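Dear colleague,

I am handing over the structure below. My notes on it follow.

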Amino acid sequence: TCLFRSIVEKVGLTTPEMERTRFAFCFACACRINHLLELDEAISAYQDFKSYLEGKLTQVEFEDLQKSIFNIANKHQGSKSLDGTKHSAVSATYALANAMNGNAVAAAEYAAYSKTYSYGGYAVSDLENYQEEYTEQVKILKRLLEERNRQ
């Protein structure tokens, strides 16, 4: 994540001017783990996030969704199973919540954790298991930045 964080810092991804690119990146992170979402409200929120980016949801409707998505994430019970893979759904919901609120770093980290946890609870303790997702995230961010620069 060091490379990712340095790119975020270097390009000023958190600035208002970068909002469109930041949300596009956040949505891309959510896309990569949306199959891990379990709660109907979270799946619906993901679809509404997509609609917002497509201009089919008003700013006011989206702002209401931004406020409610963390409540949805907080009520997720997780898993009672021993392998804990259901916890990936909780992390996926937090990834979505952070993505919808434009927190690119947290969205990326929760998405990577969720994806890694989906392999099995054992996977999260080995940092090497996160590299594939972090590498993909950096590629996505670089592509979005190139697209922005071409406009």
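H5 crosses H6 in a left-handed sense; a crossing is called left-handed if the near helix is turned anticlockwise from the far one by less than a right angle, and right-handed if clockwise. H5 covers residues 87-100 and H6 residues 104-117, and the two pack at an angle of about 165° with their axes 8 Å apart. Axes are lines fitted to C-alpha atoms, for helices over the stretch in contact, and angles run from 0 to 180 degrees between N-to-C directions. H5 is therefore roughly antiparallel to H6, a label for angles over 145 degrees.

On the H5 side, the contact (heavy atoms within 4.5 Å) includes His87, Ser88, Tyr94 and Asn98. Among the H6 residues in it are Tyr110, Tyr113, Ser114 and Tyr117. The contact of H5 with H6 has 10 nonpolar residues, 5 polar and no charged. Here Ala, Val, Leu, Ile, Met, Phe, Trp, Tyr, Cys and Pro count as nonpolar, Asp, Glu, Lys and Arg as charged, and the others, Gly among them, as polar.

The model is predicted: local features need pLDDT of at least 70 and side-chain atom pairs pLDDT 80 or more, while totals for chains, interfaces and linings use all residues. Residues are numbered from 1 along each chain as its sequence is written, and side-chain values use heavy atoms, leaving out hydrogens and water.

As for the whole chain, it has 7 helices and 0 strands, taken as DSSP runs (helices H or I, at least four residues; strands E, at least two) numbered from the N terminus. Of its 151 residues, 46% are buried, meaning under 20% relative accessible area with a 1.4 Å probe, protein chains only.

Regards

Terms used. Buried < 20%, exposed > 50% of the residue type's maximum accessible area, 1.4 Å probe, protein only. Parallel < 35°, antiparallel > 145°, perpendicular 65-115°, else oblique.
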